[in-house]
Amino acid sequence: MVPVCAACLREPAPLSAEFFCLNCRTPFLNSFPLDSQGRCMLCRNGQRGFDEAYCYGAYEGTLRKLIHLFKYSGMRRLAQPLGGLLADALPRDRQFDAVAAVPLHWRRRWQRGFNQSELLGKAIARRRGIPVIKALRRGSATRAQAGLSNAQRRENVAGAFRARRRVAGLRILLIDDVMTTGATAGACARALKKAGARSVSLLALARVDRRFKDQADFDKRRGPV
């Protein structure tokens, strides 16, 4: 039984915006940051690493609280209802060959007792009928991303991930709980593509919506990853 009332589980709403990047689905207040094809600067410059991204909602309010209960309070049973939100965020016509999770460093996993992204990955894999593979390992413990610029975040995780197996020709669905700038997911995607992945699509529960709130405030509230 999930230790959260049904009303709270129904409360999180999908992220909405009039303007989104075609590839990474970053929301914008207007179309100015997008090119004629609807892509943001990072996507059109090939700096993302992953091919596309889907997220359910904004990292705030009830969704943020549910993620914290799941991630920091050990409420593993929340993986199933949160996995349902992931399923809602992913277009039904998108096809994938395997699900892979963003890995934790072994010390972080030992402290927490589980990898929240792995549990979410198993939940979405069951719904989509595709296998989960342990495709990545985190070879180094990087410093906290909080307080770093976008460029510093990318530099911080560059080379931190390695593929554990060949994934040649596979369309990989990469799972994470929260997308801030996408630097960590991008580093994972590059490692998968180096191992031969045909494509890497990111699916996350929530993303930091920087249209209205200061990034530093979200980093302060987010806590360790």
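Select helix 4 (residues 79–89) and helix 6, which pack at an angle of about 60° with their axes 8 Å apart. Helices (H or I, at least four residues) and strands (E, at least two) are DSSP runs, numbered from the N terminus. Axes are lines fitted to C-alpha atoms, for helices over the stretch in contact, and angles run from 0 to 180 degrees between N-to-C directions. This is a predicted model, in which local features need pLDDT of at least 70 and side-chain atom pairs count only at pLDDT 80 or more, while totals for chains, interfaces and linings use all residues. Residues are numbered from 1 along each chain as its sequence is written, and side-chain values use heavy atoms, with hydrogens and water left out.

Helix 4 and helix 6 are therefore oblique to each other (angles under 35 degrees count as roughly parallel, over 145 as roughly antiparallel, 65 to 115 as roughly perpendicular and the rest as oblique). Now show the side chains in the contact (heavy atoms within 4.5 Å). Helix 4 contributes A79, Q80, L82, G83, G84, L86 and A87, and helix 6 contributes L119, L120, A123, I124, R126 and R127.

Next, select the open sheet of 4 strands, which has the order 3-8-7-4 and parallel pairing. Two strands pair if DSSP finds at least two bridges between them. At the edges are strand 3 (52–58) and strand 4 (98–101), each pairing on one side only. On average, neighbouring strands of this sheet are turned by 20° against each other, direction ignored.

Zoom in on strand 4 and strand 7 (residues 171–179), which pair in the parallel sense over 4 bridges. Here V99 stands opposite L173 in strand 7.

Finally, select R94 and E52, which form a salt bridge with their closest N and O atoms 2.2 Å apart (a side-chain nitrogen of Lys or Arg within 4 Å of a carboxyl oxygen of Asp or Glu). R94 lies in the loop between helix 4 and strand 4, and E52 in strand 3, 42 residues apart.
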